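Subject: A structure for you to look at

Hi,

Here is the structure I promised to pass on to you. Please open it beside this email, and then read on for what turned up in it.

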Amino acid sequence: MADEKSSQPEHPTPLRGPREGVPAKPEGKHPGVAADVAALAGGLKTTLSEFFRPVVTTMYPEDKTVRSERYRGRHYLRRYDNGLERCIGCELCAAACPVGCILVIAAENSDENRVSPGERYAKTYEINMLRCIFCGYCEDACPVQAIVLGPEYELSDTSREKFIYTKEKLLEPMPPDVEARLRASAAHPSPLPDGERGTPK
Amino acid sequence: MSLYNDPIGHWVVVTVAIALLLFVVLTATAYTVWFERVALGRIQRRPGPNRVGPFGLLQLAADGIKLAFKESFVPAETDKLLFVIAPTIAVAAAFLSWAVIPIGLWYNVQYWIADVNIGVLLIFAFSSLNVYAIVIGGYASNNKYSLLGGLRSAAQLISYEMALGLSLVPTFMIVGSLRLRDIVEYTVHWGWYNGPIPLILLTPIGFVIYLMAAVAETNRAPFDLPEAEQELIGGFLTEYSGLKFVMFYLAEYINMITVSALAALLFFGGWYLWVIPPVIAFFIKIVLFLFLYIWLRGTFPRLRYDMLMRLGWKVLLPLAIANVIVTGIVLVATQG
């Protein structure tokens with residue numbers, strides 16, 4: 001390796017010579033006091049004209065700039081339209097995460113407790129938002145598009161603990177129709193005993 | 001003003017005046033800081049402070065409370081006594097100048113604490129006390145940046161004090177008095193015109209020298225080498241925080257108002273401005289000068305140290321001396 005380094009040829013043309021690109025000093029005498037004062041006055045004129053031009057600051061909490069459509073902000077865990085969670089607890093997001101801020105603990109789905117359509121679901125899903133660098137690799141890695149990055153960026157909070165986003169915080173709400181159905185079936189429990197659903201009398 | 005001649009009335013007036021002055025100068029300083037931040041912001045097309053109170057006018061109250069409640073920190077291995085004395089000198093010297101500055105309150109009603117016949121000289125004496133504050137503060141901090149800032153400041157103030165003093169000598173030669181009230185009320189009798197005139201018409205070169213030297217004297221941009229943030233962190237201010245920092249800060253802004261008031265008094269006829277009430281006229285003139293200083297700060301980059309010295313010793317000082325000599329010759333020629 002050292003050999004290769006020494007045999008490397010010198011750069012054929014240096015990017016810039018010692019005085020190259022520097023404007024040549026004007027020939028003859030120094031421009032003089034009048035020119036200097038004119039230069040100073042020119043500077044003062046520039047700043048004064050800027051003074052009367054409108055302010056360009058965006059008044060942040062009231063006004064916000066338009067974000068890019070591809071802006072990566074806070075994460076969400078999505079659901080299917082029927083209310084089931086998309087996440088199948090495969091932990092590919094945690095594996096893809098360059099800072100290791102995702103914790104997934106999976107559990108088996110069962111017929112009594114079906115959370116996701118797959119074999120398994122995420123029992124625990126936590127993201128440490130203090131560590132997260134919002135690279136979006138988790139979104140790329142996810143085979144079922146369960147974890148996505150939303151547009152929200154105002155994530156400040158008052159304690160470090162509050163930055164561990166739990167599954168409850170990340171999970172999308174149920175679609176409203178599913179919510180309504182679940183509420184209705186909770187109010188009117190099925191009259192049929194278990195295992196006999198749909199069996200004609 | 002017969003009250004001033006009565007021995008007891010004099011003390012009453014002076015006591016009230018001192019209390020009032022402390023209040024007015026402190027308030028003015030606070031709003032000068034606000035004015036500077038807003039004006040500098042507008043030059044850079046920012047709004048400046050606009051959150052605390054209407055138009056951010058209470059920003060200084062918020063800053064003051066924050067600074068006052070900071071820990072009064074003194075670094076280890078410093079000379080504690082000198083470290084505390086330095087900001088005290090700065091703020092005391094800054095306030096003292098206002099003892100001899102007269103203010104016209106209304107037509108024919110003026111106010112002053114001490115009507116000294118060497119008023120301008122006293123102001124220069126007080127303003128040069130400021131260099132002690134900076135040098136002592138820089139030395140006591142036990143920090144090389146502070147010391148360098150202090151040394152630079154000493155050199156700068158000594159260099160510019162000469163030009164500053166000499167720039168005003170023609171004014172004194174014309175008026176024949178160092179009393180600020182006499183200078184403001186200097187009247188000319190030119191043909192049909194009898195009345196006060198702004199002395200800048202008679203000593204324009206003196207005004208230009210005064211303007212430059214005053215910026216250097218108050219350590220403001222583009223002559224703010226003692227605290228040059230980029231090279232010296234904060235110069236003599238590096239180790240100061242909390243209330244001690246406030247005192248230096250306060251002193252800087254009081255000095256800024258002082259030199260503005262002095263420029264108005266010495267060159268622009270003080271509180272005389274056409275038919276505008278004196279106190280308002282004086283206020284307008286001071287604000288215009290403050291704006292000029294802020295404008296300079298927003299425009300020019302800091303001078304290199306050798307440029308600063310060259311400007312002081314090779315340009316301003318000879319110019320000031322020439323100005324004195326020429327004024328003398330003209331005075332002798334016209335008045336005999």
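Let me begin with a term you will need: a residue counts as buried when its relative accessible area is under 20%, as exposed when it is over 50%, and as partly exposed in between. Please also keep in mind that this is a predicted model.

Over all chains, the search finds 10 of them. One of these joins Asp306(B) to Arg304(B), at 2.8 Å from N to O. Asp306(B) has a relative accessibility of 36%, so it is partly exposed. Elsewhere in chain B, Glu36(B), Arg220(B), Glu252(B) and Arg297(B) belong to one network, joined by salt bridges that share partners. In chain A, Asp157(A) and Lys162(A) form a salt bridge with an N to O distance of 4.0 Å. Both ends are partly exposed: Asp157(A) has 36% relative accessibility, and Lys162(A) has a relative accessible area of 40%.

Next, have a look at where the two chains meet. How many residues are in contact there? On chain A there are 15, and they touch 14 residues of chain B. The size of an interface is often given as the accessible area lost when the parts come together. Here the two chains, A and B, bury about 1400 Å² between them, and 65% of that is on carbon and sulfur atoms. Three residues, Leu44(A), Thr47(A) and Phe51(A), supply 38% of the area that chain A buries against chain B, more than any other three residues.

The interface of chain A and chain B also holds one salt bridge. Arg51(B) and Glu62(A) form a salt bridge, their closest N and O atoms being 3.0 Å apart. Seven residue pairs are in polar contact across the interface of chain A and chain B. Sorted by class, the side of chain A that touches chain B has nine nonpolar, three polar and three charged residues.

A few words on chain B as a whole. Its secondary structure comes to 11 helices and four strands, and 52% of its 336 residues are buried. Among contacts in chain B between residues at least 6 apart in sequence, 75% join residues at least 24 apart.

Last, the cysteines. The search finds zero disulfides over all chains. For Cys90(A), the nearest cysteine sulfur is that of Cys142(A), 6.0 Å away. Cys90(A) is partly exposed at 33% relative accessible area, and Cys135(A) is partly exposed at 21%.

Enjoy exploring!

Best wishes

Note on methods. Residues are numbered from 1 along each chain as its sequence is written. Chains are lettered from A and ligands numbered from 1 in the order in which they are written. This is a predicted model: local features need pLDDT of at least 70, side-chain atom pairs count only at pLDDT 80 or more; totals for chains, interfaces and linings use all residues. Side-chain values use heavy atoms; hydrogens and water are left out. Contact means heavy atoms within 4.5 Å. Buried area is the accessible area (1.4 Å probe) that two parts lose on being put together, summed over both. A salt bridge is a side-chain nitrogen of Lys or Arg within 4 Å of a carboxyl oxygen of Asp or Glu. A polar contact is a pair of N or O atoms within 3.5 Å; within protein, one must be able to donate a hydrogen and the other to accept it, and residues adjacent in sequence count only if both atoms are side-chain atoms. Ala, Val, Leu, Ile, Met, Phe, Trp, Tyr, Cys and Pro count as nonpolar, Asp, Glu, Lys and Arg as charged, and the others, Gly among them, as polar. A disulfide is a pair of cysteine sulfur atoms within 2.5 Å. Buried means under 20% relative accessible area, exposed over 50%, partly exposed in between (1.4 Å probe, protein chains only). Helices (H or I, at least four residues) and strands (E, at least two) are DSSP runs, numbered from the N terminus.
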